[in-house]
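Reader: I would like to learn how to read salt bridges and helices in a model. Could you take me through one?

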Amino acid sequence: MDLTDYTIQYTFRGSWWPPCRAQLVDLNEAVDDLKTRGINVRVVSAEPGGTEEVAARLVKREEKLKELKFELISDPEHKTLVKEAGDVFILAAKEWEVSGNYTMVQPAVLVFDANNVLVPECTWT
């Protein structure tokens, strides 16, 4: 499958969760190679706070993420996910309330083709 102009979107719970940070380190290290293959990388945080605040927390908690090579989006209300992945993401993602004030989704990898259409056979949750 040719993935040129495809976008890999990784959704993570929060900068506070060590397994999510470890996956982000691996993804950050792979970004240059993915870009040479024409693959875009987008990371969506379900963690509250703006994009800059989430990025700052990531860097504070993980030195290897000092230079983020991927696009980072803060989306605690899941608006980006719903708009771009539609019903497929909502069905695949398990939402639950945390501390009574926001919901989190399980980590997921979504793949979008060059027309920004979700490719279900390449999606993992």
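Reader: Where do Glu 53 and Arg 57 lie?

Author: Both are in helix H2, 4 residues apart, about one turn of the helix. Helices (H or I, at least four residues) and strands (E, at least two) are DSSP runs, numbered from the N terminus. Salt bridges that share partners join Glu 47, Glu 53 and Arg 57 into one network. This is a predicted model, in which local features need pLDDT of at least 70 and side-chain atom pairs count only at pLDDT 80 or more, while totals for chains, interfaces and linings use all residues. Residues are numbered from 1 along each chain as its sequence is written, and side-chain values use heavy atoms, with hydrogens and water left out.

Reader: What is a salt bridge?

Author: Side chains of opposite charge can pair when their charged atoms come close. The term means a side-chain nitrogen of Lys or Arg within 4 Å of a carboxyl oxygen of Asp or Glu. Between Glu 53 and Arg 57, the closest N and O atoms are 2.5 Å apart. The structure holds 4 salt bridges.

Reader: Is Arg 57 buried or exposed?

Author: The scale is relative accessible area: under 20% is buried, over 50% is exposed, and partly exposed is in between (1.4 Å probe, protein chains only). Arg 57 counts as buried because its relative accessibility is 18%. Glu 53, with 42%, is partly exposed.

Reader: Which residue forms a salt bridge with Lys 69?

Author: Asp 32 does, with the closest N and O atoms 3.0 Å apart. This pair links distant parts of the chain, since Lys 69 is in the loop between H2 and strand E3 (71–74) and Asp 32 is in helix H1, 37 residues apart. Lys 69 is partly exposed at 27%, and Asp 32 is partly exposed at 41%.

Reader: How many residues does helix H1 have, and what should they span?

Author: The expected span of a helix is 1.5 Å times one less than its number of residues. H1 has 19 residues (18–36), so it should span 27 Å; its end C-alpha atoms are 28 Å apart, which agrees.

Reader: Where does H1 bend?

Author: At Ala 30, by about 45°. The bend at a residue is the angle between axes fitted to the seven residues ending there and the seven starting there.

Reader: What do the buried residues of H1 pack against?

Author: They pack against strand E1 (7–12), strand E2 (40–45) and helix H2 (51–61), where contact means heavy atoms within 4.5 Å. Among the buried residues of H1 are Cys 20, Leu 24 and Val 31.
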